[in-house]
Amino acid sequence: MNHVLIVDDDVDSATTLRDLVAGENFSVAVAHTLRDARRQIAMQPPDLVLLDLQLPDGSGLDLFSDPDLVAASELVLITGHASLETSIQALRLGAADYLVKPIAMRQLQGVLSRFMKPAALKADVARMNASLAQGGHFGHLWGQSPPMLRVYEQISRVAGTSVSVFITGESGTGKEVVAQTVHDLSRRRKQPFLAVNCGAISPNLIESEIFGHEKGSFTGAERQHLGFFERANGGTLFLDEITEMPLELQVKLLRVLETGRFMRVGSTTSQEADVRIIAATNRLPEQAVAQGKLREDLLYRLNVFPIELPPLRDRLSDVPLLAQHFLDAVVAREGKAKRFTAAALDRLSQHHWPGNVRELRNVVQRAYVMAAGETIDDEWLPRPTGAALAALAARAAENAPAGAVPASPGSPTPSAPAAPAVPQAHGDVVTIPIGTSMAQAERALIEATLRHHKYQKERTAAVLGISLKTLYNRLKEYAAEQDETDASRSPAPRTAESSTAGN
């Protein structure tokens, strides 16, 4: 039987709490002071400590001053009111949750049902780290680059707590996968994980979808409807694209986060919300606030623990691993084995990936379908864009030895003025010298690809991964630039006056 220590100076409150905990098949001890709590811990180390913040001989937080004293115990703070400061304290000190006085039976049952020894959580993280070292994945997340290792560390720290998490990152970087991984490592893992895309629900229906509604509350409400908060009870609710939620609903969400209670549309009775919130956006949060897309007070309430996901272009070393993972999934589904050539993996690692991991997954699936044999070469993979080539050139310049001067056969000596960098096409290869502008690199790549495919514009656009309209616009711009260049080089027409003067 797991043992619970209740530390509360209010005798009546401690007695009531003891009876409730005992009714849930836990053994219970009670302490009314910090001194008594330390004595009780020495006598019988508890599995769970329900710790009041206000005690006669100091703050309940003082119990954390000796890490070894409570290292094997799950701690839950008892507070008079839920606040952002309480959440931050709970996170920093390693508390798993907090209870708000007066403590409701359902609230206590939720905490007790999620009880899990710290050693068990640490073992789960250790298993994921072992999978990362052996197979390159941390739960549902793939990659071993330094930016992703930082994300894994953040997930490991926050998953075992109850605080809100705010995930930011471009579209396609895997925000929902991060939220799912946080849930899978949390004490709520056995309860539902529900994901809601706030931008995909009509503004007229989103309140009903999130909070539910009563029968007859509006036209068409023919029965009672349970919202996401009720369906995710005890688990995790992931609110994706939170900046797309109407501002009037953001006010109600803020109220739920502050009080832990909500009401269905058309109801006059509030209900407890035992749900952990994880929110996400592909916008810069501060910019969303400035644009009126996100309430500032809601941002502060959600942004207790921020996690920023890197775009795929900032972790290109993970591309081969991700590509193989997606290919394995396609092979398992379709049944026919195929593999990447070295040239294909090299091509994938040079792409800029504006659509991030989602784009890579789609490219792999398309390449699998288009590859006629058992190997996937670079024929059906996106060509490196000007932006990608410029980024690769910049990285090469950063990694060059100090004082090194880029040179090529026949180039001038360092003391001579450097010739302008001009991209060169050799067969099906485009050489982009360091110092080439992104516009020049893009033009060289587009024109070389167009020539390679015998000026078939549809094929060229498909290979480059751009729309046919974009290709036409670029070619029109290049033609105009060429006309201007030709005009500047042609001799000026001789006027009658100048002809007379020359005679």
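**Sheet**

I began with Leu237, which stands opposite Ile277 in E15. The model is predicted, so I note that local features need pLDDT of at least 70 and side-chain atom pairs pLDDT 80 or more, while totals for chains, interfaces and linings use all residues. Residues are numbered from 1 along each chain as its sequence is written, and side-chain values use heavy atoms, without hydrogens and water.

I looked up the pairing of E12 and E15, which is parallel over 4 bridges. Strands count as paired if DSSP finds at least two bridges between them; helices (H or I, at least four residues) and strands (E, at least two) are DSSP runs, numbered from the N terminus.

I then traced the open sheet of 5 strands and found the order E11-E12-E15-E10-E16, with parallel pairing. Strand E11 (193-197) and strand E16 (305-308) are at the edges with a single partner strand each, so one side of each has no neighbour in the sheet.

**Cores**

I next examined the largest nonpolar core, which has 28 residues; Phe229, Leu237, Leu239, Ile242 and Met245 touch the most other members. Such a core is a set of buried Ala, Val, Leu, Ile, Met, Phe, Trp, Tyr and Cys residues joined through side-chain atoms within 4.5 Å. Buried means under 20% relative accessible area, exposed over 50%, and partly exposed in between (1.4 Å probe, protein chains only). Among the elements that give two or more residues to this core are helix H8 (206-211), helix H9 (228-231) and helix H10 (247-259). H10 gives the most, with 5 residues.

**Aromatic rings**

I counted rings next: the structure holds 6 aromatic pairs. Rings of Phe, Tyr and Trp (its six-membered ring) pair if their centres lie within 6.5 Å; planes under 30 degrees apart count as stacked, over 60 as edge-to-face and the rest as tilted.

Phe193 and Phe238 form a stacked pair, 6.4 Å centre to centre, with 15 degrees between the planes. Phe193 in strand E11 and Phe238 in strand E12 are 45 residues apart. I find both buried: Phe193 at 16% relative accessibility, Phe238 at 0%.

The rings of Phe211 and Phe229 are also stacked, because their centres are 5.5 Å apart and their planes at 15 degrees. Phe211 lies in helix H8 and Phe229 in helix H9, so the pair ties together parts 18 residues apart in sequence. Phe211, Phe229 and Phe262 form one aromatic cluster.
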